[in-house]
Amino acid sequence: MKKSVMLKKTTYFTLTITLFLCSASTMAQSIPLNKLTGQFDEKQDNSFIALDSTLLPVNKKGMYLQKEPTQQLIKAYQDFKKIHPDIPFTIVSAMRNYNYQNGIWQRKWNSLTNQFSQPQQIAEEILKFSSMPGTSRHHWGTDVDITSVSSDYFKQDPKGKILNAWLQQNMANYGFCQPFNEGRKGGYLPEEWHWSYRPIASQYIAQYKAQLDSDPTKITYALNFAGHDKIQLEALVKEYVLQVNKNCY
Ligand SMILES: [Zn+2]
């Protein structure tokens, strides 16, 4: 009798320890650096899905997102269309990996070298509208641009105004936040079109911040885009990655 109680206790103890170790390892599990900086091929990653295979309208082929944000975005799209069947709700940008972003950066860098003498000025000019490769939220597969990338569309066009009002009022119900809202000190200009799937993106930004706080060179060392060694890289990375809507943390 005594022996069986002992056995039960031992089993229970082992189970408790196992559960504890499992949850500790989940907590310690971190997002690899290459996932934070978009240095991988989303088309080969099975946590991603091709938007072409879903019912979401897109403005170009070959865009990908992580699966969970895609499912939630589809729900948002369907609910929007029930009320506003004639107003466009189109995905115009989703996952953009490092190489893709680097192409954008390189083109802009080349075209601005004649206008500005200081590399820092060129970077700041590009950063009004585009991210440094390795620092874009689009690298995470959690963020999308919807319908237009013009503030005028969302503020002045009648259809854009309806879309904007609906997004502002409803996207949180599907898990999305608006990282580049009005009223931040620093970072990108407001982007009414850019929405981020908070349950996953908040883990990415937490990890990014932890890395910047503990050893920023791990991140900056991975960035090799045009001008990276001629600008205040660390300060710019911190400003543009971290200066987002507090609702997105
Ligand atoms: Zn965007």
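**Reading helices, a sheet and a core**

Q: Which residues in α3 are buried?
A: Pro69, Thr70, Leu73 and Ala76 are the buried residues in α3. They lie on the same side of α3, because they cover an arc of only 125° around its axis. The arc is that of the directions from the helix axis to the C-beta atoms. A buried residue has 20 or more other C-beta atoms within 10 Å of its own, an exposed one 12 or fewer, and a partly exposed one falls in between; C-beta atoms are placed from the backbone.

Q: What should I know about the model and its numbering?
A: This is a predicted model: local features need pLDDT of at least 70, side-chain atom pairs count only at pLDDT 80 or more, and totals for chains, interfaces and linings use all residues. Residues are numbered from 1 along each chain as its sequence is written.

Q: How do I check a helix's length, and what is the case for α4?
A: Take 1.5 Å times one less than the number of residues as the expected span. Helix α4 (residues 98-112) has 15 residues and should span 21 Å; its end C-alpha atoms are 21 Å apart, so the two agree. In α4, Tyr98, Gln101, Asn102 and Trp105 are buried. Their arc around the axis is only 100°, which puts them on the same side of α4. Asn99, Gly103, Asn110 and Ser111 are exposed on the other side. Cover for the buried residues of α4 includes α5 (119-126).

Q: How do I read a sheet, and what order do the strands take?
A: Look for pairing: DSSP must find at least two bridges between two strands. Here four strands form an open sheet in the order β3-β4-β6-β5, with antiparallel pairing. Its edge strands, β3 (91-93) and β5 (176-177), each pair on one side only. β5 and β6 (residues 194-197) run antiparallel and are joined by two bridges. Cys177 has Ser196 in β6 as its bridge partner. Helix α8 (residues 198-214) packs on the sheet, touching β4 (143-146), β5 and β6, and its direction makes about 85° with that of β6. Axes are lines fitted to C-alpha atoms, for helices over the stretch in contact, and angles run from 0 to 180 degrees between N-to-C directions.

Q: Which residues does Leu36 contact beyond its neighbours within four places in sequence?
A: Contact means C-beta atoms, placed from the backbone, within 7 Å. Leu36 lies in helix α2 (residues 33-36). Beyond those neighbours, Leu36 is in contact with Ile31, Tyr204, Gln207 and Tyr208. Leu36 and Tyr208 are 172 residues apart along the chain, yet their C-alpha atoms are separated by 6.8 Å. Leu36 is buried, with 22 other C-beta atoms within 10 Å.

Q: Which residues touch the most other members of the largest nonpolar core?
A: A nonpolar core is a set of buried Ala, Val, Leu, Ile, Met, Phe, Trp, Tyr and Cys residues joined through C-beta atoms within 7 Å. The largest has 43 residues, and Leu65, Ala94 and Val144 touch the most other members. α8 gives the most to this core, with four residues.

Conventions: Two residues are in contact if their C-beta atoms, placed from the backbone, lie within 7 Å.
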